[in-house]
Amino acid sequence: MNTPLVRMHGIHKSFGPVKVLEGVDFELLPGEVHALMGENGAGKSTLMKILTGIHAPDAGGIEVDGRAVAIATPADAEKYGIAIIHQELNLIPSLSVADNLFLGREVHRFGLLDRRAMKRRATEWLARVGMERLDPGMLIERLSVGQQQMVEIARALGQEARVLIMDEPTAALTEHETATLFKLIRELREQGKGIVYVSHRMEEIFAICDRISVLRDGQFVGTRPVPGLGFDEVVKMMVGRTLDARYPVRTPKIGEVRLKAEHIGGGPVHDVSFELHAGEVLGVAGLLGAGRTELARLIFGLDRLSSGKVTLDGIEVTPRSPSEAIRAGFGFVTEDRKAQGLVLDLSLRENVSLPRVPARAGLVDRAAETKQTRGLIDALKIRTRDMELEARSLSGGNQQKVVLAKWLALKPRVLILDEPTRGVDVGGKAEIYHIINQLAEQGVAILMISSELPEVLAMSDRILVMHEGHATALLDAHGATQEAVMTAATGGK
Amino acid sequence: MTLHFDRSRAITLLQRLGSVIGLVLLFVVLSIMSPDFLTTDNLLTVLRQVSINALIAFGMTFVILAGGIDLSVGAILALTGAVTAGLMAAGHGMLLSAGAGLALGLLLGIVNGALVSWGRVAPFIATLGTMTLLRGLTLSYTQGSPIPVTNSGFALIGGGYVAHLIPLPVIWMFAAFLVCGFLLRGTVFGRHVVAIGGNEEAARLSGVRISPMKLAIYGLSGLLSACAGIVLTSRLYSAQATAGAGYELDAIAAVVLGGTSLSGGRGWLFGTLVGALLIGFLNNGLNLLGVSSFYQQVVKGIVILIAVLLDRRQ
């Protein structure tokens with residue numbers, strides 16, 4: 001247990017004159033789950049890219065099993081048994097499980113694929129992650145995200161990885177899949193593997209990790225054993241100060257009924273009805289696949305309704321396209337800001353004004369646009385030097401604020417938020433909660449979908465719980481418990 | 001971190017300026033190597049030759065920026081040219097004939113847009129189909145033989161001069177450049193074109209109406225191809241069914257050389273103008289230097305490959 005599997009010491013890395021890592025130490029013991037934490041931009045991913053041979057450090061050394069090694073390419077990392085499980089999984093959807101497991105190292109005889117041998121070995125590899133019942137001939141695209149992740153872990157283990165780096169592994173998993181993953185992680189720990197666990201999810205880290213290392217602005221803040229460690233202390237290490245409160249308090253000023261959704265159906269959603277008042281935050285909870293995002297898409301006119309109608313301030317609107325929804329007064333902050341929320345190549349300014357470009361007779365009014373963007377940057381505390389920077393260059397939290405800014409520019413009457421704080425660091429989350437509260441206080445009706453139960457409970461006035469496309473409960477958030485929400489979300493009574 | 005991205009911005013700028021630097025270098029080299037190059041006559045001749053490709057390439061820039069491709073431009077050029085010439089041969093006036101040609105180009109472009117948006121056909125396949133179809137229509141309309149133009153007023157469009165010096169097509173080219181440049185940079189339409197190419201889903205969710213936009217984008221490309229068709233027909237005094245064969249590739253080359261990304265969302269119109277000029281002057285220089293036409297193709301191909309490789313550097 002004494003010789004670390006991996007020891008990185010004094011790692012420095014700069015991109016041009018910007019120092020991304022300044023003397024970072026990191027050590028991973030055999031049989032350890034080690035959380036790597038820090039706000040977005042703290043240098044976690046750069047550190048892991050150095051460990052996996054994607055970037056070369058400017059200074060500092062890496063030891064594997066106590067011996068100094070040079071990891072210059074991803075192939076070197078593989079040689080030393082270091083594997084990374086990416087947040088965006090690296091599998092080819094149109095190929096089978098076995099094809100993916102052996103991609104690039106196919107078993108062959110005289111250039112002919114030995115499918116039988118691969119299938120047999122695939123089953124062995126899958127058994128190591130408890131997936132022996134999965135057919136290796138199944139196409140990846142037919143698997144759930146959780147299963148795909150298991151396949152990726154199986155591939156890493158099959159390649160004799162002893163160090164597994166997991167980047168936000170539970171971001172797209174259901175509760176059940178998360179539990180399965182944690183069970184596997186514990187088994188791997190028993191087998192003496194080392195696991196680097198990169199995540200923002202505090203509850204998970206306290207549940208599964210043995211030690212926590214924190215980076216802040218490229219500096220190594222420290223490593224602490226989890227037992228006896230307080231949540232507040234970790235936050236303080238990450239942001240350098242104590243946050244006032246994790247969820248800011250809002251005095252609800254609930255107004256008239258603003259949005260009335262009646263018998264909404266379409267796709268996986270069946271007959272969902274609810275009312276949303278001005279100034280109210282209605283949380284939507286449920287497991288992955290419960291139809292929450294689909295419900296939002298139906299209301300926003302993105303997908304076709306098979307039944308139901310939408311009434312806004314007493315007038316039936318039932319949008320048939322996003323542009324109709326926007327004209328009616330809806331805004332929609334989507335779940336996946338990179339794929340759906342932003343045009344990454346466009347500037348911050350152009351992204352903010354995309355739903356409605358300030359213009360006269362089709363001609364862009366640059367002065368008005370600049371002024372509007374400046375105002376929103378200030379109001380939402382978007383940290384950037386320059387509104388002409390591409391959206392791609394902003395941190396996750398700032399990108400999410402740009403998506404919010406986009407809709408605030410339209411002064412929506414109803415704002416739909418789908419996982420508004422996913423992938424956003426602790427400080428950024430608190431700021432987004434503040435913005436949500438401010439909007440509600442200004443009378444905006446907010447429909448907030450979230451998979452983080454503490455967030456739903458703390459931020460909402462009422463909670464709509466969905467299960468398999470149906471609304472199973474409508475709870476008053478004050479007094480509701482995680483258990484009550486989970487019971488409804490799993491279809492229990 | 002931040003500078004890392006400034007660096008990518010600098011690379012983008014360099015890539016964009018790359019085509020300009022390339023054009024300047026080519027200019028200097030050709031001026032030194034051939035005494036006939038740097039003469040008013042030669043330069044204006046090249047500009048006139050470039051104008052046809054440039055007109056088409058401006059439309060192509062919008063299509064490519066929006067993440068599409070239009071292979072039917074050369075075929076639209078041929079059909080609109082033939083219809084314009086045919087109407088005049090049937091005794092109609094020049095304005096009506098040219099107007100009909102332009103309207104037809106616009107309409108054919110809109111058909112492309114409809115196939116791509118409503119029909120959900122991949123742009124490459126949709127416009128490959130219309131390209132083949134329109135070629136066939138042109139051949140049957142002209143019965144394979146050129147339609148001569150006798151209207152002397154019409155002949156001025158492509159053959160006339162301003163102040164006995166500057167060919168009219170060059171004026172059309174710069175006028176189209178200014179209008180299209182303004183359309184791209186100064187209007188909501190242009191903003192939405194780039195947004196669609198950058199991330200169609202995000203644009204749709206922001207309320208950009210994708211289908212009408214695509215009709216307009218491909219319509220614009222068709223309209224500009226028709227403009228090129230009219231200029232070419234006018235300059236040649238006749239419309240030929242085979243006119244504009246391969247022009248789609250020259251136009252795409254000009255757009256890509258100019259630094260516009262083939263995957264959409266990144267690019268500029270000025271680059272396309274520079275790209276078209278680069279191709280024109282390269283052809284001209286190689287001619288002046290007496291390089292065989294076989295090798296000319298090789299050189300052109302190499303230049304395009306280098307440009308695409310630079311684009312991949314992002």
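## Helices, strands and a chain contact in a predicted model

Strand 23 of chain A and strand 24 of chain A pair in the antiparallel sense over 6 bridges; two strands pair if DSSP finds at least two bridges between them. Helices (H or I, at least four residues) and strands (E, at least two) are DSSP runs, numbered from the N terminus. The model is predicted: local features need pLDDT of at least 70, side-chain atom pairs count only at pLDDT 80 or more, and totals for chains, interfaces and linings use all residues. Residues are numbered from 1 along each chain as its sequence is written, while chains are lettered from A and ligands numbered from 1 in the order in which they are written.

**The sheet around strand 23**

In the hairpin of strand 23 and strand 24 of chain A, 2 residues lie between the strands, and A:Glu468 takes a positive phi near 45°. The bridge partner of A:His467 is A:His470 in strand 24 of chain A. Strand 23 (residues 462-467) of chain A has 5 of its 6 residues buried, so it is largely enclosed by the rest of the structure. A residue is buried if 20 or more other C-beta atoms lie within 10 Å of its own, exposed if 12 or fewer, and partly exposed in between, with C-beta atoms placed from the backbone.

These strands belong to an open sheet of 6 strands in chain A, with the order 18-21-22-15-23-24 and mixed pairing. Its edge strands, each pairing on one side only, are strand 18 (330-333) and strand 24 (470-476) of chain A. From one strand to the next, the twist averages 20°.

| Strands of chain A | Bridges | Opposite residues |
|---|---|---|
| strand 15 and strand 22 | 4 bridges | A:Val281 and A:Ile446 |
| strand 15 and strand 23 | 5 bridges | A:Ala285 and A:Val465 |
| strand 3 and strand 10 | 5 bridges | A:Leu36 and A:Val198 |
| strand 3 and strand 11 | 4 bridges | A:Ala35 and A:Ile212 |

Strand 3 of chain A is mostly covered, with 6 of its 6 residues buried. From this strand, A:Glu32, A:His34 and A:Leu36 point one way, and A:Val33, A:Ala35 and A:Met37 the other way. In a regular strand the side chains alternate between the two faces of the sheet.

The 16 residues of helix 6 (residues 175-190) of chain A should span 22 Å at 1.5 Å a residue, and the end C-alpha atoms are 23 Å apart, which agrees; the expected span is 1.5 Å times one less than the number of residues. Buried in helix 6 of chain A are A:Glu177, A:Leu181, A:Ile185 and A:Leu188. Seen down the helix axis, the buried residues of helix 6 of chain A fall within an arc of 80°, so they line one face; the arc is that of the directions from the axis to the C-beta atoms. On the other side of helix 6 of chain A, A:His176, A:Ala179, A:Lys183, A:Arg186 and A:Glu190 are exposed. After helix 6 of chain A comes A:Gly192, whose phi is positive, near 90°.

In helix 1 (residues 44-51) of chain A, the buried residues are A:Lys44, A:Thr46, A:Leu47, A:Ile50 and A:Leu51. Just after helix 1 of chain A, A:Gly53 takes a positive phi of about 80°.

**Contact between the chains**

The contact takes 29 residues from chain A and 25 residues from chain B, where two residues are in contact if their C-beta atoms, placed from the backbone, lie within 7 Å. Elements giving two or more residues to the side of chain A that touches chain B are strand 2 (18-28), helix 10 (322-328), helix 11 (337-341) and strand 20 (363-364) of chain A.

Note on methods:
Axes fitted to C-alpha atoms, helices over the stretch in contact; angles between N-to-C directions.
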